[in-house]
Amino acid sequence: MDTSDVDVLIAGGGAAGSMLLLELARQHPQHPEHWYQVAHLAESAQAYEQAETWYRAFLERRPRDVPSRLAVARILGWAKRYPEAIAQFERALAVEPRNTP
């Protein structure tokens with residue numbers, strides 16, 4: 001994540017919290033829960049490319065995490081990357097087949 005990513009997160013509000021989460025994610029890569037929090041913050045700030053990057057980093061360590069998988073699918077759908085979004089939804093359903101609307 002570069003400086004522009006930090007600026008996007010700060011623009012979303014909560015500058016001190018944003019900086020702390022980014023620092024935690026960078027300094028403690030063994031704790032991917034920080035990556036999830038940064039991804040969620042980026043998504044909330046509508047920084048979807050950055051959110052996707054952080055969610056995917058989190059999913060590399062926790063591939064069975066359904067909420068993160070669904071977040072990636074949602075972001076891909078918004079980006080009109082429908083085949084990729086469908087693949088992510090299918091992966092989430094493979095983990096939790098009963099997780100349907």
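**Figure 1. Salt bridge between Arg74 and Glu43.** In this predicted model, Arg74 pairs with Glu43 in a salt bridge whose closest N and O atoms lie 2.8 Å apart. The pair connects distant parts of the chain, with Arg74 in helix α5 and Glu43 in helix α3 (residues 33-44), 31 residues apart. Arg74 is partly exposed at a relative accessible area of 34%, whereas Glu43 is buried, at 10% relative accessibility. Side chains of opposite charge can pair when their charged atoms come close.

**Figure 2. Salt bridge between Arg56 and Glu52 in helix α4.** The N to O distance in this salt bridge is 2.8 Å. Both residues belong to helix α4 (residues 48-61) and are four residues apart, about one turn of the helix. Glu52 has a relative accessible area of 10% and is buried; Arg56, at 31% relative accessibility, counts as partly exposed.

**Figure 3. Salt bridge between Glu84 and Arg81, and the network around it.** The side chains of Glu84 and Arg81 meet at 3.0 Å, N to O. Glu84 is partly exposed, with a relative accessible area of 35%, and Arg81 is partly exposed at 30%. A network of salt bridges links Glu52, Arg56, Arg81 and Glu84. The count of salt bridges comes to five.

**Figure 4. Confidence along the chain.** The chain has a mean pLDDT of 82, and 74% of its residues reach 70 or more. Where pLDDT is low, the predicted coordinates should not be read in detail.

Notes. Residues numbered from 1 in each chain as written. Predicted model: local features only at pLDDT ≥ 70, side-chain atom pairs only at ≥ 80, totals over all residues. Heavy atoms only, no water. pLDDT = per-residue confidence, 0-100. Salt bridge = Lys/Arg side-chain N within 4 Å of Asp/Glu carboxyl O. Helix = DSSP H or I, 4+ residues; strand = E, 2+ residues; numbered from the N terminus. Buried < 20%, exposed > 50% of the residue type's maximum accessible area, 1.4 Å probe, protein only.
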